[in-house]
Amino acid sequence: MANTESWKSSFFSRKSFLGTARFKLPIVFGAALAGSLGLSAGIIYPNPFFSIDSSGILSTSGKIDTTNPFFRPLGTNGRTCNSCHLAASAWSITPADVHAKFDATKGMDPIFRTNDGSNCPSADVSTPRARSSAYSMLLNKAVLRIALPMPENAEFQIIDIDDPYNCPETTTSHPAFYRRPLPSTNLSFLSAVMWDGRETVFGAIAGKSLNLEQSLENQALDAITGHAQGNVPSTEQLAQIAEFEKAISTAQVFDVRAGRLDAGGAKGGPVALSQQNTYIGINDALGGDPTGAAFNPNVFTLYESWMHSHSLYRQSVARGEALFNNLPIPITGVAGLNDALKQPVIMGTCTTCHDSPNAGNHSFSVPLGIGTTAYPAEPALDLAGLPVYTVQCLATGETTQVTDIGRAMISGKCADIGKVKGPVLRGLAARAPYSITAEPRRWLMRLSFITSASILRSLRSKRRTWRRSFGRSELPMSPKKGDMGHSKFVGILSASLRSQRCQCDEGC
Ligand code: HEC
Ligand code: HEC
């Protein structure tokens, strides 16, 4: 177990670098700060390991051993896993990171490669100006171009592509989607690997168990031969990469306003996360927990003890967590849920889908269509720059428009069009933008509810009814009198999500 005491030993005032001094920030002697350009290969970084952004601090307990092949170029184009999975960005990558790389190298850093970094593989990248336009999606949204072959025996065909880049390589037999890198951390919670689950290797009972090692080794193999354009690596290298990734836990450890997230009885931060019990199907919302345990909607229990904190801000974080667990949401039109249960309306909560305790992903591999890939989009979603595919089911002739075909590109099934997995919800503050389509931070700040288009619609109509009877600024489901203002209410919700960031090498 990591020694978290060491970072209590030295404090410095936030004033010294941000201008306010409400809380003191912990820092460890000799700790390296992770930056946008990544960690230097070949160095063992000290622990805990911190990085700072405008909302808080990221920290590591254990060791980040950059001699691992994760940090080495294993392909032909100079890329490493660390090109797109940065410790300081909760092991994903943000537009700010990509801009920093571009500025430092005039767009020549290995992340800027045309195989999947540019909007289009045949884009002109001959000058800095050309590169800045060729890599605009990577720069603006930190998304990669994921091109996949149409599955054999697909139950559907693509009958139209509205591609903003008129990319000759984007075809009906080889469509391409622009996707956010999922964090290469907290992997022990996963029930599916990749947005569309394409690297998931099931264990003995398909869908009910996961062979995580095999899934991660396959994933690393495909990343090396794909993203890094390399030859097949040795089995030993693949095993080392999987072993390295599996050991990392990431969660926020310090919030600018709430202070230390493991203080006052709270259980934020990576150490508690690394000890969190998990298994496939844990706390399944549909009653499928293999131990027979009933679903408990109180999925996040990190900040319960702050309900009665002397700090009003900490109290509001605790109320936000309670809302995440218990705010009733009528769930409608979610493919994979309403249709599977044959219930047009399911009265649920955020945790109906984000059911894995203190992690927030789906504990079973259940791809869902919540509307983030649908076209036309709900007004609050920003689909700028994404192609639109018109997909037709062969059996029925029915057409659907999506920006990402999702799980159906793997399963070939019409029922899976636009479905993706629900990711782990820790370390969020460090890695905006969110969702597969890269929604800006305000998406979370303003209305986390729009994770489901149907949820958004039902909330809107609820709000209209409420407004008619009670006036504009209040929502009916506010948990406490003081939280009635809508923006404050949503702010609180995102505060509780935001308060989960920092990372730890799990030897801890
Ligand atoms: C060029 C950028 C890039 C590079 C380089 C890269 N990745 Fe990724 N990674 C991504 C993207 C994008 C996704 C999500 C793709 C998808 O789901 O279709 C992803 C997904 C993952 C996931 C899945 C996490 C989850 O929740 O399912 C893991 C694990 C991962 N990468 C590890 C690695 C490893 C190991 C390497 C090096 C061998 C690597 N990545 C190299 C961009 C990259
Ligand atoms: C009907 C199931 C369902 C419900 C209910 C639901 N979500 Fe989600 N959520 C998902 C799925 C599936 C995704 C992945 C889709 C995507 O990102 O495009 C997701 C993605 C997210 C993400 C983005 C994570 C990332 O890594 O980018 C956040 C944040 C989130 N949900 C928060 C919430 C909050 C807050 C609520 C309650 C107000 C909620 N969700 C309710 C299914 C659900």
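Predicted model: local features only at pLDDT ≥ 70, side-chain atom pairs only at ≥ 80, totals over all residues.
Biologist: What makes strand 8 and strand 16 stand at the edges?
Modeller: Three strands form an open, antiparallel sheet in the order 8-15-16. Strand 8 (156–162) and strand 16 (399–402) each have a single partner strand, so one side of each is left without a neighbour in the sheet. From one strand to the next, the twist averages 25°. Strand 8 pairs with strand 15 (residues 388–393) in the antiparallel sense over six bridges, and in strand 15 the bridge partner of Phe-156 is Cys-393.

Biologist: Why does Ala-318 count as buried?
Modeller: A residue is buried if 20 or more other C-beta atoms, placed from the backbone, lie within 10 Å of its own, exposed if 12 or fewer, and partly exposed in between. Ala-318 has 25 C-beta neighbours inside 10 Å and therefore counts as buried. Ala-318 lies in helix 8 (residues 312–326), where a helix is a DSSP run of H or I of at least four residues, a strand is a run of E of at least two, and both are numbered from the N terminus.

Biologist: Leaving aside neighbours within four places in sequence, which residues is Ala-318 in contact with?
Modeller: Contact requires that C-beta atoms, placed from the backbone, lie within 7 Å of each other, and on that basis the partners of Ala-318 are Tyr-303, Glu-304, Trp-306 and Met-307. Phe-300, 18 residues from Ala-318 in sequence, is 9.9 Å from it in space, C-alpha to C-alpha.

Biologist: Why do Asn-166 and Lys-342 count as exposed?
Modeller: Asn-166 has 10 C-beta neighbours inside 10 Å and Lys-342 has 6, and both values fall within the limit of 12 or fewer, so each is exposed. Asn-166, in the loop between strand 8 and strand 9 (176–179), has phi near 40°, a positive value in a residue other than glycine. Lys-342, in the loop between helix 9 (338–341) and strand 14, likewise has a positive phi, about 55°, although it is not a glycine.

Biologist: Is the crossing of helix 5 and helix 6 left-handed or right-handed?
Modeller: A crossing is left-handed if the near helix is turned anticlockwise from the far one by less than a right angle, and right-handed if clockwise; this crossing is right-handed. The axes, which are lines fitted to C-alpha atoms over the stretch in contact, with angles between N-to-C directions running from 0 to 180 degrees, come within 9 Å and cross at roughly 115°. The residues of this contact divide into eight nonpolar, no polar and four charged, where Ala, Val, Leu, Ile, Met, Phe, Trp, Tyr, Cys and Pro count as nonpolar, Asp, Glu, Lys and Arg as charged, and the others, Gly among them, as polar.

Biologist: Which residues come nearest to ligand 1?
Modeller: A residue is near a molecule if its C-beta atom, placed from the backbone, lies within 6 Å of it; of the 29 residues around ligand 1, the nearest are Cys-81, Cys-84, Pro-181, Met-194 and Trp-195. Strand 7 (144–147), helix 5 (212–225) and helix 6 (235–246) are the elements that give two or more residues to this shell, and helix 5 gives the most, with five. The shell divides into 19 nonpolar, five polar and five charged residues.

Terms used. Residues numbered from 1 in each chain as written. Chains lettered and ligands numbered in written order. Pairing = 2+ DSSP bridges. Contact = placed C-beta atoms within 7 Å.
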